[in-house]
Amino acid sequence: MSLAYQFVTPLTSMTIRGVADEDGLEPVVDKPPEDALPLAFKLPASQPSPTGPSADIQQLPNQVTGVDTDPHFLIHVPQKEDTLCFNINEEPGVILSLVQDPDTGFSVNGQLIGNRAGSPGQHQGTYFGRLGIVNPTTGFQLEVTPHNITLNPGSGGPVFSWKDQASLRQHEVVVTINRKRNLVVAVEDGGTFEVVLHRVWKGSAVHQDFLGFYVLDSHRMSARTHGLLGQFFHPIDYTVSDPHPGSDPTKTDATMLVKSHQLTVTR
């Protein structure tokens, strides 16, 4: 569900369907502008990989805001004691704007990689294969893939592997790499994010390693922050009414009203 950018697609905890607005506009992905800086990402850890058990599962919070797997977005709405969920269906290679703070220039972007379709016509799953974080006020850039972690890639900065255990500081940003598991990026007077590494098992339905991204703290980000995750960093208001049977007999449909947009949702 996207309030400002009309990218809404089905939610699971509260699933949105029929996502054209009253003007008949179709959803669009909140992509970075053409002149945006190269990929920059940061991310908080949470969900286990769909490919098998994860040692991180017991350490995850009960309520999270982040994105993982194909890619599935989870938005915790504490003032409503609720969680909104939606999926983005895009092609491999597409770059998604996850967080963009125009007051500071801080941004997080993610590039999708594809998973081989099992048979002709079958949906090709997509996952995050590259994440980046940029904090232009300090010249900080971080690029994360399932293979390497590169600090300031544009200026030949150091490259770390996921086998390393390290803590790095550059001006107002601290990066902590936890060997073979995740990394945490903490920005002073900004946010704290975690990137989770998902290693696939031999014979898994997913054919390559991928990344997850989660928000640990965002309350110091500006009110103008946007992006697929960033637009939810500050309180949003919505009402859900008119519960009625849906196409799935095991679930209930309802009507959600948010920022003058009326949407069909599924609980």
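Is D189 buried or exposed? D189 is exposed, with a relative accessible area of 66% (buried means under 20% relative accessible area, exposed over 50%, partly exposed in between, with a 1.4 Å probe and protein chains only).

The model is predicted: local features need pLDDT of at least 70, side-chain atom pairs count only at pLDDT 80 or more, and totals for chains, interfaces and linings use all residues. Residues are numbered from 1 along each chain as its sequence is written, and side-chain values use heavy atoms, with hydrogens and water left out.

**View 1. Loop holding D189.** D189 is placed in the loop between β13 (182–187) and β14 (192–198); strands (E, at least two residues) are DSSP runs numbered from the N terminus. Its phi is positive, about 55°, although D189 is not a glycine. Most residues other than glycine have a negative phi.

**View 2. Loop holding T69.** The loop between β2 (65–68) and β3 (72–77) contains T69. This residue, not a glycine, has a positive phi of about 55°. T69 is buried, at a relative accessible area of 18%.

**View 3. Nonpolar cores.** A nonpolar core is a set of buried Ala, Val, Leu, Ile, Met, Phe, Trp, Tyr and Cys residues joined through side-chain atoms within 4.5 Å. The largest has 50 residues, of which L98, L142, L183, F213 and L229 touch the most other members. Another core, of five residues, lies apart from it and includes V64, L74, V196 and Y214.

**View 4. Residues 1–62.** Here pLDDT (the predictor's confidence in each residue, from 0 to 100) stays under 50. For residues 1–62 the model has 206 contacts beyond four places in sequence, a contact being heavy atoms within 4.5 Å. The mean pLDDT of the protein is 76, and 73% of its residues reach 70 or more.

Terms used: Helix = DSSP H or I, 4+ residues; strand = E, 2+ residues; numbered from the N terminus.
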